[in-house]
Amino acid sequence: MAVPGRSSLAGTTAAVATGITANLIWGLAFLVPVLLSAFDPVVITLGRYVSYGVVSLLILAVTRTRLRGLGKDVWLMAALFAFTGNVGYYFFVVQGVALVGAPVVTVIIGTLPVTVALYGNWRQKEFPFSRLALPIALIAVGLVLVNLTEAGWSGAADRPLAAQLAGA
């Protein structure tokens with residue numbers, strides 16, 4: 001739907017710029033642990049989420065009237081999901097980058113949409129897995145090839161095999 005007074009090209013340009021910006025910010029999740037490798041993964045994780053918390057509190061302050069009807073149980077569940085789904089996730093990302101390097105972790109994290117789709121198909125059969133076997137095999141081959149190439153580039157080859165496996 002077109003916005004009055006705004007050309008379609010301007011809307012498309014804004015959408016593409018927003019997408020690129022979001023991906024650049026997402027990429028920082030893997031770059032920051034490399035740049036701050038001297039710091040403990042817990043410190044990096046806490047620093048990220050303290051800053052996220054400050055931004056979230058600012059957003060909450062602006063939108064507080066819309067959220068008044070939410071009960072205590074909703075806020076407790078949101079806090080639990082925020083901690084386990086974000087802080088826990090990022091701690092393991094930072095730990096993985098420290099053990100095996102950013103390229104390997106990035107490739108593995110990039111498969112999460114496929115993993116979630118496969119899990120969803122396992123829970124509620126939409127497609128027979130035989131129909132998904134070829135795409136899954138191609139993804140697996142791609143992961144192996146990319147990780148073989150990237151592991152040497154990231155310096156992971158200098159790390160013990162046990163550390164590389166733990167990082168992955």
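**Surface nonpolar patch and aromatic contacts**

In the predicted model, helix H1 (residues 8-35) supplies the largest share of a nonpolar surface patch, contributing five residues. The patch is formed by Ile25, Leu28, Leu31, Val34, Leu35, Leu36, Phe39 and Val43, and together these residues have about 730 Å² of accessible area. Val34, one of the patch residues, is found in helix H1.

The structure holds three aromatic pairs. Among them, Phe91 and Phe92 form an edge-to-face pair, with a centre-to-centre distance of 5.4 Å and an angle of 70° between the planes. Phe91 is partly exposed because its relative accessible area is 26%, whereas Phe92, with a relative accessible area of 59%, is exposed.

Another aromatic pair, Tyr119 and Trp122, is tilted, with 5.7 Å centre to centre and 40° between the planes. The angle of 40° falls between the limits of 30 degrees for stacked and 60 degrees for edge-to-face, and the pair is therefore classed as tilted. Both residues belong to helix H5 (residues 112-123), where Tyr119 and Trp122 are three residues apart, about one turn of the helix. Tyr119 has a relative accessibility of 46% and so counts as partly exposed. Trp122 is exposed, its relative accessible area being 53%.

A contact between a charged side chain and a ring was also found for Arg48, which lies over the face of Tyr90 at 3.9 Å from the ring centre.

How values were computed
Residues are numbered from 1 along each chain as its sequence is written. This is a predicted model: local features need pLDDT of at least 70, side-chain atom pairs count only at pLDDT 80 or more; totals for chains, interfaces and linings use all residues. Side-chain values use heavy atoms; hydrogens and water are left out. Patches are made of residues with over 30% relative accessible area and no salt bridge: like charges are joined within 9 Å, nonpolar side chains (Val, Leu, Ile, Met, Phe, Trp, Tyr) within 5 Å. Accessible areas come from the Shrake-Rupley method with a 1.4 Å probe; for residues, only the protein chains shown count as cover. A salt bridge is a side-chain nitrogen of Lys or Arg within 4 Å of a carboxyl oxygen of Asp or Glu. Helices (H or I, at least four residues) and strands (E, at least two) are DSSP runs, numbered from the N terminus. Rings of Phe, Tyr and Trp (its six-membered ring) pair if their centres lie within 6.5 Å; planes under 30 degrees apart count as stacked, over 60 as edge-to-face and the rest as tilted. Buried means under 20% relative accessible area, exposed over 50%, partly exposed in between (1.4 Å probe, protein chains only). A charge sits over a ring if NZ of Lys or CZ of Arg is within 6 Å of the ring centre and within 35 degrees of the ring normal.
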